Amino acid sequence: MTTTEDLPLSGLKVIEFTHMVMGPSIGVILADMGADVTKVEPIKGDNTRRLSGSGAGYFAMYNRNKKSLAIDTKSQKGRALVQQLLADTDVVIENFRAGAMDELGFGYDELARNNPRLIYCSGKGFLSGPYEHRTALDEVAQMMGGLAYMTGLPDRPMRAGASVVDVTGAMFGVIGILGALEQRHRTGRGQRITTSLYETTAFLVGQHMAQYAVTGKAAPPMSIRQSAWAVYDVFEAGDGERVFAAVVSDTQWRKFCEAFDFADFLADESLAKNAERVRQRDRTLPIVRERFKQFDKATLMAKLEATGLPFAPIAKPEELFDDPHLNAGAGLLDVTLPDGRTTKLPALPLEMDGHRFGLRHDLPAIGAGGRALLLSRGLTDADVDALVADGVIAA
């Protein structure tokens, strides 16, 4: 779905004041689904554009399908112009420090007085409580929320290998926005929404909290293989490559034994039920490992797939560019990087009515789309030229 008319959020006006990952992720999800999203950024552009190292891909991944309004919001003219735009906006997104938007005159209370239908979503480190004024990052939330402990080794907490809390927190923000839109249909009024990193992390580790509540035993890090299933691990193939494989039901166990010629396992009544198989892992797993080494990676995966078992190669992110499934199913979108090179980046992981969400607007250059936006709100070309000349906007 690449034409606006086909998209579920067509006509929704969104203004975002965001940087880094969490805020832009909220915006890109709404934008991919058809919302008219304008990114308000400084005259020189969002600093996220210039990040290096692990942050070098943030802007490219989370800012497609948006327009850019590069504006000096610290100037009186700039603030007045933004206020004019916000008067009929449906949704505002922001993820700056507490109080920053209020200082600019763009806080929820002030905006809602002039636009009571406004839905205002803030991405923060913490929800209301003793920690609410702390500064947080994805990694801070992972550390204090128990996710880094569950990901790492027993004596070495380790953050997950992607900004999972930022992105998941953004997803909760979008859920809140969609809920507020539905409620607005009934009440005519908008509302304030806050999504947070810390509480998102707590939700993610909630399964381990529940495990402790149910069993009375603390969950060990996932690096310690204490699986609920007998076969649920990374195995080495005969060519030295590694494959994850799992057997998660008694039916799968029977198919597994038949496919890999474990007639003795199949005849052993003590292995018929999963709980017994788990208790005997020390006996069975070495045999399974040796059997898997009889096959190279491709053959092993083919046998696992034919049997219907869960399996996966151990892939690196850069290998996904050539993944046949992602490329065949519109799972990768062509995006032009700031230096002019093109690449393919993951689409929204969602189908609606059998269709994927596509690319309508490439990554915006600084100020790209700003002139058209201002003209659509009643300004003339001469007005915009004067704003550019005064240094209020970049176009």
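**View 1. D268 and its salt bridge to R283 in the predicted model.** In this predicted model, D268 is partly exposed, with a relative accessible area of 21%, and its side chain meets that of R283 in a salt bridge with an N to O distance of 3.0 Å. Because D268 lies in the loop between α12 (263-267) and α13 (274-279) whereas R283 belongs to helix α14 (residues 281-292), the pair ties together parts that are 15 residues apart in sequence. R283 likewise counts as partly exposed, at 39% relative accessibility.

**View 2. Salt bridges of D88 with K13 and R377.** The side chains of D88 and K13 meet in a salt bridge of 3.1 Å, N to O; this pair links distant parts of the chain, with D88 in the loop between α3 (76-86) and β4 (91-94) and K13 in strand β1 (residues 13-17), 75 residues apart. R377 also forms a salt bridge with D88, the closest N and O atoms being 2.9 Å apart, and this link spans 289 residues, from the loop between α3 and β4 to the loop between α17 (370-376) and α18 (381-389). D88 is partly exposed at 36% relative accessible area, as is K13 at 28%, whereas R377 is buried at 19%.

**View 3. E236 within a surface patch of negative charge.** E236, found in strand β7 (residues 231-236), is partly exposed, with a relative accessible area of 41%. On the surface, E236 gathers with D239, E241, D296, E318, E319 and D322 in a patch of negative charge.

View 4. T307, in helix α15 (residues 297-307), is buried, with a relative accessible area of 14%. Leaving aside residues up to four places away in sequence, T307 touches K255, F256 and A259.

Note on methods:
Residues are numbered from 1 along each chain as its sequence is written. This is a predicted model: local features need pLDDT of at least 70, side-chain atom pairs count only at pLDDT 80 or more; totals for chains, interfaces and linings use all residues. Side-chain values use heavy atoms; hydrogens and water are left out. Helices (H or I, at least four residues) and strands (E, at least two) are DSSP runs, numbered from the N terminus. Buried means under 20% relative accessible area, exposed over 50%, partly exposed in between (1.4 Å probe, protein chains only). Contact means heavy atoms within 4.5 Å. Patches are made of residues with over 30% relative accessible area and no salt bridge: like charges are joined within 9 Å, nonpolar side chains (Val, Leu, Ile, Met, Phe, Trp, Tyr) within 5 Å. Accessible areas come from the Shrake-Rupley method with a 1.4 Å probe; for residues, only the protein chains shown count as cover. A salt bridge is a side-chain nitrogen of Lys or Arg within 4 Å of a carboxyl oxygen of Asp or Glu. Lys and Arg count as positive and Asp and Glu as negative; His and the chain ends are not counted. The place of a charge is taken as NZ of Lys, CZ of Arg, CG of Asp or CD of Glu.
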